[in-house]
Amino acid sequence: MAKALLEMKNITKEFPGVKALSDVSLTVEEGEIHALCGENGAGKSTLMNVLSGIYGYGTYSGDIIYDGEVCKFQKIRDSEERGIVIIHQELALVPLLSIAENMFLGNERGSKAKINWAETYQKADELLAQVGLKESSHTLIKDIGVGKQQLVEIAKALGKKVRLLILDEPTASLNETESRHLLDLMLEFKKQGMTSIIISHKLNEISYVADKITVIRDGAVIKTLDKKIDSFSEETIIQAMVGREISDRFPKRQSNIGEVCLEVKNWNVDHPVFDGIKVCDNVNFNLRKGEVLGISGLMGAGRTELAMSIFGKSYGVNINGQIILNGKEVQFPNVKSAINAGIAYVTEDRKGNGLILTESITKNTTAAKPEKISKNWVIDFAKEKQVAEDMAKEMHTKCATVIENVGNLSGGNMQKVLLGKWLFADPDILILDEPTRGIDVGAKYEIYLIINRMVAEGKSVILISSEMPEVLGMSDRIYVMNEGRMIAEMDAKDADQEKIMTCIINSGK
């Protein structure tokens, strides 16, 4: 029988008005990959924050037994000294520092008086080779993609002599190729004796990599599945996560598609930093009333840049082309003009661009159109709070109160607040950029229902997603984008993943 490297016994953690963890116990054996599953707000990240010392000893009840010893971590450095390293979904890298500087930030090579840069870069290159990243350690973080940044974080963990690696939604921002490389890397580390805990909502990836799966719901352990004896089918995991069966991941709707409401013609956008790089190259597309229009493509295809440049020129330079809204050519020189015209954009970067994390759920909910709860420029605070409460109820947002800071919520509940913010603006056209990234299957289903409700009311949705099953399952029509160009258009009922990927591959020749 394998040795238990980690035992968390009867962990209870409370926040004001919320019991985040209730008597949770978890055992992780040495050399295994153990997955944590559950809906957003179930307590997965909170449990890992307790383990890593982010929530220090004394702020929770229960015991952490690691490598046979009771541990009382007061801060994250305490757990790292024991070889426990956590990599969060939001990567903690400094864009303007080099890869090597990031890898040894707070863990510098050399003496207290002087950093040994030769050793720093040499050791960084060795660690990068271990994770299969062929980049110079002198490269700035801002000059590499998210997938490579994730590998830098793992290399950084290796530099801390990691024994237990915790990965929180490690593939949420990665494409399929990058995701598979990372998962295969975890399996390789397992062969070398490393133990890992992975939090993920991508059930197919969990089934591929995990030895055991512990499902947490409402702050309590529901069950632990063992690959040797239990089924790892998505149906089994989902039922444990949400407490019910979801027979159809994508709810059906009766399409009632009308006339063209938006046309974008000969749209060109240049990169805001690098001269001569086109992020949108003569793009043409149209959108109809009551339609869900999917835009598929690999990361870096230009989908986000297209959406943001249309939405009040919020990305790019040298923007030119035509936007025709309901038959009339329009100009959106800024975001406010796009909002006033009935267009909303739900960003993929909810923490950086979508929400004000230090403000309340209430303030965030009404931020896009404060005039709806104001009179003569004076906010009606009672009305504002009521609007936020109604929206939280409609979106099934888990929160103690709407005056709580939105930064205290789980990722999925933040996403619900962000979506609620734009629904409150009552747009005719809603652009959704990766709306279900990093959220659980139950919350995804609720967002899909909202999309269906919008188009049933005659509104229109543009859905940008890196998850092809989502694009195929929710769209009426699909455009495929690659290297800044629209390369294909197809009816969703005639499309499949193979056709989309074939278009992308052929377009790159």
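**A walk through the predicted model**

Leu472 is partly exposed, with a relative accessible area of 21%. On this scale, buried means under 20% relative accessible area, exposed means over 50%, and partly exposed lies in between, using a 1.4 Å probe and protein chains only. This is a predicted model: local features need pLDDT of at least 70, side-chain atom pairs count only at pLDDT 80 or more, and totals for chains, interfaces and linings use all residues. Residues are numbered from 1 along each chain as its sequence is written, and side-chain values use heavy atoms, with hydrogens and water left out.

Stay with Leu472. Its place is in helix H16, residues 468-474. Helices (H or I, at least four residues) and strands (E, at least two) are DSSP runs, numbered from the N terminus. Leu472 and Gln497 are 25 residues apart in sequence, yet 8.0 Å apart in space, C-alpha to C-alpha. Not counting residues up to four places away in sequence, Leu472 touches Ile478, Ala495, Asp496, Gln497 and Ile500. Contact here means heavy atoms within 4.5 Å.

Now look at helix H1, residues 44-52. Eight of its nine residues are buried, so H1 is largely enclosed by the rest of the structure. Among the buried ones are Leu47, Met48, Val50 and Leu51. Gly53 follows H1, and its phi is positive, near 90 degrees.

Next comes Gln149, in helix H5, residues 146-158. Is Gln149 buried or exposed? Gln149 is buried, with a relative accessible area of 16%. A polar atom of its side chain lies 3.1 Å from the backbone oxygen of Ile144. Leaving aside neighbours within four places in sequence, Gln149 is in contact with Leu91, Leu93, Ile141 and Ile144.

Then there is the largest nonpolar core, with 70 residues. A nonpolar core is a set of buried Ala, Val, Leu, Ile, Met, Phe, Trp, Tyr and Cys residues joined through side-chain atoms within 4.5 Å. Leu306 is one of the members that touch the most others, along with residues including Trp267 and Phe285. Beyond its neighbours within four places in sequence, Leu306 is in contact with Trp267, Cys280, Val283, Phe285, Ile295, Met481 and Met486. Apart from this core lies another, of 49 residues, including Ile141 and Leu185.

Finally, the cysteines. Cys280 is buried, with a relative accessible area of 0%. The structure holds zero disulfides (pairs of cysteine sulfur atoms within 2.5 Å).

How values were computed:
A polar contact is a pair of N or O atoms within 3.5 Å; within protein, one must be able to donate a hydrogen and the other to accept it, and residues adjacent in sequence count only if both atoms are side-chain atoms.
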